2 protein chains.
Amino acid sequence: MQSSTTVSPLISSFGLAVRQLRGREGLSQERLAERANLNRSYIGELERGEAIASLLTLEKLAQALNSRPSHLLSHTERIVQKRHVYGIALTSIAC
Amino acid sequence: MQSSTTVSPLISSFGLAVRQLRGREGLSQERLAERANLNRSYIGELERGEAIASLLTLEKLAQALNSRPSHLLSHTERIVQKRHVYGIALTSIAC
């Protein structure tokens, strides 16, 4: 686990991307964890940028979110771009 | 480390995607390792599907390959698709 203040923009933005896509699917962290066969607390760590996902976790999350790994990352990259352009707080970025 | 026979198609295809994009850039494993600030032997393990990359490693590799993480994964997904459609050996797939 790493502090969210030390990880790269991609890592912290990945957490927000997961949270946004989870919201779009109308899933709680618990339900996403069940679907992805991951621990609920691990989902929370990922969404807060406190844990770094492996490619395997990325694959599980994408499947559980009815998405593809590349789409999950392109969504993440758009968030990184918005942060760079507008310099706004992560939590204030709308989908 | 896991055997390439037990990992998901995405993991093993990711290794081939890295190898293909490295070839397109004209880079040796050693040069890619230097650019990405990763160990040369780890690059070899990733390319053989023997190691599972983290999102941080994916980001380093994409930068070193003049690409984006999402592009590296969409390239990987195309390889997975080709394997599924044609059922051909991983190593025989052309870029």
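**Stop 1: a loop in chain B**

Start by selecting B:Asn66, which sits in the loop between helix 4 and helix 5 of chain B. This is a predicted model, so keep that in mind at every stop. Check the backbone angle of B:Asn66: its phi is near 55°, a positive value in a residue other than glycine. Is B:Asn66 buried or exposed? B:Asn66 counts as exposed, because it has 12 C-beta neighbours inside 10 Å, and the cut-off for exposed is 12 or fewer.

Stay in this loop and select B:Arg68, which also lies between helix 4 and helix 5 of chain B. B:Arg68 is partly exposed, with 17 other C-beta atoms within 10 Å. Which residues does B:Arg68 touch, leaving out those up to four places away in sequence? They are A:Glu77 and B:Ala62. B:Leu58 and B:Arg68 are 10 residues apart in sequence. From C-alpha to C-alpha, B:Arg68 and B:Leu58 are 9.0 Å apart in space.

**Stop 2**

Switch to chain A and select A:Asn66. A:Asn66 is in the loop between helix 4 and helix 5 of chain A. Its phi is positive, about 55°, although A:Asn66 is not a glycine. A:Asn66 counts as exposed, with 12 C-beta neighbours inside 10 Å.

**Stop 3**

Show chain A as a cartoon. How many helices and strands does chain A have? Count five helices and zero strands. Read from the N terminus, the order is α-α-α-α-α. Chain A has 95 residues, and 39% of them count as buried. Next, think about contacts in chain A between residues at least 6 apart in sequence. Of these contacts, 67% join residues at least 24 apart.

**Stop 2: helix 1 of chain A**

Select residues 9–24 of chain A. This is helix 1, with 16 residues. From first C-alpha to last, helix 1 of chain A reaches 22 Å, close to the 22 Å expected at 1.5 Å a residue.

Why is helix 1 of chain A largely enclosed by the rest of the structure? Because 12 of its 16 residues are buried. Colour some of them: the buried residues of helix 1 of chain A include A:Leu10, A:Ile11, A:Phe14, A:Leu16, A:Val18 and A:Leu21. A:Arg19 and A:Arg22 are also among the buried residues of helix 1 of chain A.

Now show what surrounds them. The buried residues of helix 1 of chain A pack against helix 2, helix 3, helix 4 and helix 5 of chain A. They also pack against helix 4 and helix 5 of chain B. Before leaving, click A:Gly26, which follows helix 1 of chain A and has a positive phi near 70°.

**Stop 3: helix 5 of chain A**

Select residues 69–86 of chain A. Helix 5 of chain A has 18 residues. It reaches 26 Å from its first C-alpha to its last, close to the 26 Å expected at 1.5 Å a residue. Its buried residues are A:Pro69, A:Ser70, A:Leu72, A:Leu73, A:His75, A:Thr76 and A:Ile79. What do these residues pack against? In chain A, the partners are helix 1 and helix 4. In chain B, they are helix 1 and helix 5.

**Stop 4: a helix pair in chain B**

Go back to chain B. Select helix 2, residues 29–36, and helix 3, residues 40–47. Their axes come within 8 Å and cross at roughly 110°. Helix 2 and helix 3 of chain B are therefore roughly perpendicular to each other. Show the side chains where they meet. Helix 2 of chain B brings B:Gln29, B:Glu30, B:Leu32 and B:Ala33. Helix 3 of chain B brings B:Arg40, B:Ile43 and B:Gly44. By class, the residues of this contact are three nonpolar, two polar and two charged.

**Stop 5: where the chains meet**

Show both chains together. The contact takes 17 residues from chain A and 17 residues from chain B. On the side of chain B that touches chain A, helix 1, helix 4 and helix 5 of chain B each give two or more residues. Which helix gives the largest share of that side? Helix 5 of chain B does, with five residues. That side of chain B has 10 nonpolar, four polar and three charged residues.

**Stop 6: the axis**

Key: Residues numbered from 1 in each chain as written. Chains lettered and ligands numbered in written order. Predicted model: local features only at pLDDT ≥ 70, side-chain atom pairs only at ≥ 80, totals over all residues. Contact = placed C-beta atoms within 7 Å. Helix = DSSP H or I, 4+ residues; strand = E, 2+ residues; numbered from the N terminus. Nonpolar A, V, L, I, M, F, W, Y, C, P; charged D, E, K, R; others polar. Axes fitted to C-alpha atoms, helices over the stretch in contact; angles between N-to-C directions. Parallel < 35°, antiparallel > 145°, perpendicular 65-115°, else oblique. Buried ≥ 20, exposed ≤ 12 C-beta atoms within 10 Å, placed from the backbone. Expected span 1.5 Å × (residues − 1).
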